[in-house]
Amino acid sequence: MIPSVNDSGSRTIGLLAYLYGPGKHEEHTDPHLVASFDGMSPDPGRDPHATLKDLQQLLDQPVMALDKHARPRKHVWHTSVRADSRDRALSDEEWADIARRIVAASGIDPGEGKPGCRWAAVRHADDHIHIVATLVTEDGRRPDDFRSGARAQAEARLIEKDLGLHQVAPGDGTAAQRPTSAERHKAQRQGRERTAREELRETVRRAVAGADSDTEFFDRLSAAGLLVRTRTAPSGDLLGYKVALPDDLNKDGQPVFYPGARLAPDLSLPRIRERWSAHTAEPPTVADDFDAARTGAGGPAAARRTTATAAWQAITVVEEGDDVVVAAHISAAGEVLDALAATSAAHTRRELRAAATAFERASRSHVRAARGHERALREAARDLVHSGPALGRGTDGAATAMAIDMLFFLITAAAHWHKSNGHAQQAEAAARAASHLRLAYRTAAAEPFGLLHERGRRLSPTTLRRQTGLLREALPSLSEQILTEPGWPALAATLEEARRAGEDVRTLLSDAAQRRELGTADSLSQVLVWRLRANADLPASNKPGPPDETVYHRSPDRQGIPRATRHGGSGSSERAR
């Protein structure tokens, strides 16, 4: 239930004409009164003898009774009250009760013997009503409507509980503007799944992901097929921009442009520039480490390993960092999701796009991000964009599963941070994004994890006993659960790879298990597989071969970092870190 109080107006008749009219795009159906201040107001929608003028004069009567100089210039109060898209259809009687509760809570008509304003509630669609009131009470005073919007929102939360409706998380004023009814109806007529506003918002966000200059940003917008107009100062400095879909036209046949700030608060040009302008300063230590890890980057698989590394590092920041630094990392995590969705293979694309769309709401709050600290994540997003589309199989598929796994835990940590800071809508959005990531992971991991599982089943009994003993020593409280999971053979194969690569397997296991969020995992063994492979710099995936025939040596050009080769040939470990 979403009340939206508009700015006060001056023409009651004009607003009534719109509410009872066909709408801008013929979207109004059966306009009629569901409630009014006295329960007997004329209804121009269903009473053939009633006119808009009759209703207008009745509502304006207390205003007109005042001396001309005492009348408020902006005397028309207007709010829409919209049901959530997941709610059931409400009856006229339920909408009438909702209208009475909203005007009472907002101070328009408080009841209990207190003088109130005159108002009427009009319904012209299944999912919402409009309430019109005039801001002079019956005794000629101004109503107590201070913060009427916030009071209406609070009452809406109670209405949702009482009527068994979807409970909308309270907002903080940082949400992107919702599509209007006219925009939704226009999209339906044009056969679009989403409104132009929503399509533009997603496209602009993808253009921002990893960009590091105005030029790159605007080049990406043009390459995506958007119409772009910029606004410049007399000095020639660029001040802002607006975008349009080429086929989204107004009644005059002209493209409908949206300024970036109207798409989302953080998509104005000044806010976008904050992302790359901060990186001109000396980067933080974590980004220096990250740069060193990226020396072998190249291709979709490498970009996804880069993403896994950046996400793994960012989890610590989100859980332990200062709020302004955390806010920057959460914002950059949104860029990574946008970039991953844009370059994903077909079988994971739907869930990754849904995750990115859901997380958009979680990517900002009233905590203003301290830019520059999130460089590693922004570079990961940039690598994803420039690496191009990934295949859904082989090394691309395995690296995608690894990246999604790490991002799931990062987004889950972001949800917890938002919840602890009282950001209800953002916490809910991040949780929804994590749910979509979980589904995307299951799809992405099916083939590569199956290959690892097969390798584990081919381990010799001696090797398997050795890895079982290592697991019990390193993780005594978790080992028995892990040993019973279907993913244990894949973990055993990974442990053997790490051992042969010269890694301290006990330390790897202990570190991976103690660091964050294991309690949210469907499978401990699967989470540990990807964490170990990332931390030990193992290939994301290996094809099954003869048991125990993978040989590891240290590559002199990688300063002691292990690299795997098979008998009869050599292969890159696909490092991107």
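User: Why is S363 called buried in this predicted model?

Analyst: The model is a predicted one. S363 has a relative accessible area of 5%. Buried means under 20% relative accessible area, so S363, at 5%, is classed as buried.

User: Where does S363 lie, and which residues does S363 touch?

Analyst: S363 is placed in the loop between α13 (346-359) and α14 (375-387). Leaving aside residues up to four places away in sequence, S363 touches R205, D266, I330 and S331.

User: What makes the approach of S363 to E360 a polar contact?

Analyst: The side chain of S363 reaches the backbone oxygen of E360 at 2.7 Å. A polar contact requires a pair of N or O atoms within 3.5 Å, and the distance of 2.7 Å therefore meets that cut-off.

User: What makes β6 and β8 edge strands?

Analyst: They belong to an open sheet of three strands in the order β6-β7-β8, with antiparallel pairing. β6 (227-232) and β8 (258-259) each have a single partner strand, so one side of each is left without a neighbour in the sheet.

User: How do you know that β6 and β7 pair?

Analyst: Two strands pair if at least two bridges are found between them. β6 and strand β7 (residues 238-244) are joined in the antiparallel sense over six bridges, and therefore count as paired. Within this pairing, K242 in β7 is the bridge partner of R229. Helix α6 (residues 196-208) lies across β7 and β8, running at about 130° to β7.

User: How do you know that β2 and β4 pair in the five-stranded sheet?

Analyst: This open sheet has the order β1-β3-β5-β4-β2, with antiparallel pairing. Four bridges join β2 to strand β4 (residues 117-125); because at least two are required, β2 and β4 count as a pair. S36 stands opposite A120 in β4. Helix α3 packs on the sheet, touching β1, β2, β3 (76-82), β4 and β5 (128-137), and its direction makes about 45° with that of β2.

User: Which values describe the packing of α3 and α4?

Analyst: Two packed helices are described by the angle between their axes and the distance between the axes. The axes of α3 (residues 92-105) and α4 (residues 148-163) come within 9 Å and cross at roughly 145°. The crossing is right-handed. Among the residues making the contact are I98 and R101 of α3, and E155 and L158 of α4. The residues of this contact divide into seven nonpolar, no polar and four charged.

Notes. Residues numbered from 1 in each chain as written. Predicted model: local features only at pLDDT ≥ 70, side-chain atom pairs only at ≥ 80, totals over all residues. Heavy atoms only, no water. Axes fitted to C-alpha atoms, helices over the stretch in contact; angles between N-to-C directions. Left-handed = near helix turned anticlockwise from the far one by under 90°. Contact = heavy atoms within 4.5 Å. Nonpolar A, V, L, I, M, F, W, Y, C, P; charged D, E, K, R; others polar. Buried < 20%, exposed > 50% of the residue type's maximum accessible area, 1.4 Å probe, protein only. Polar contact = N/O pair within 3.5 Å; in protein donor to acceptor, adjacent residues only side chain to side chain.
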